[in-house]
Amino acid sequence: MLTAADLTGTTLNQFMVHAQVKEAQKAINTEQVIHLSPQDADIIFSLIENPPAPNNHLKEAIQRHQAFFSEKD
């Protein structure tokens, strides 16, 4: 690794910290970024633009949500 640090013009410590930051960013991106196929993206955008009617489970969840927050007032 000392050769790699020398080639980049950094100290071994700087090289190691940079490598660790790079790996940490890659790990974060892997967990936070969702990669969709073009077909899946089309489905998502279609659902956003034309949402289905709420079903009973969603209606009940909305009622629980409203009841929860009305209790806080």
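Predicted model: local features only at pLDDT ≥ 70, side-chain atom pairs only at ≥ 80, totals over all residues.
Which residues does Leu36 touch, not counting residues up to four places away in sequence?

View 1. Residues are numbered from 1 along each chain as its sequence is written, and side-chain values use heavy atoms, with hydrogens and water left out. Leu36 sits in the loop between H2 and H3, where helices are DSSP runs of H or I with at least four residues, numbered from the N terminus. With residues up to four places away in sequence set aside, Leu36 touches Ala41 and Ile44, a contact being heavy atoms within 4.5 Å. Leu36 is partly exposed because its relative accessible area is 46%; buried means under 20%, exposed over 50% and partly exposed in between, with a 1.4 Å probe and protein chains only.

View 2. Ile34, Leu36, Ile44, Phe45 and Ile48 make a nonpolar surface patch of about 550 Å². Such patches are made of residues with over 30% relative accessible area and no salt bridge, and nonpolar side chains (Val, Leu, Ile, Met, Phe, Trp, Tyr) are joined within 5 Å. Ile48 belongs to helix H3 and, at a relative accessible area of 59%, counts as exposed.

**View 3. Helix H3, residues 38-49.** At 1.5 Å a residue, the 12 residues of H3 should span 16 Å, and the end C-alpha atoms are 16 Å apart, which agrees; the expected span is 1.5 Å times one less than the number of residues. The number of buried residues among these 12 is 1, so H3 lies largely in the open. Confidence in the protein chain is highest in H3, at a mean of 96, and lowest in helix H1 (residues 2-8), at 83, where pLDDT is the predictor's confidence in each residue, from 0 to 100.

View 4. The side chains of Glu23 and Lys26 meet in a salt bridge, at 3.3 Å from N to O; the term requires a side-chain nitrogen of Lys or Arg within 4 Å of a carboxyl oxygen of Asp or Glu. Both residues lie in helix H2 (residues 12-32), 3 residues apart, which is about one turn of the helix. Glu23 counts as partly exposed at 46% relative accessibility, and Lys26 counts as partly exposed at 47%.

Methods: Helix = DSSP H or I, 4+ residues; strand = E, 2+ residues; numbered from the N terminus. Patch = residues over 30% accessible without salt bridge, like charges linked within 9 Å, V, L, I, M, F, W, Y side chains within 5 Å. Areas by Shrake-Rupley, 256 points an atom, 1.4 Å probe, with all protein chains shown as cover.
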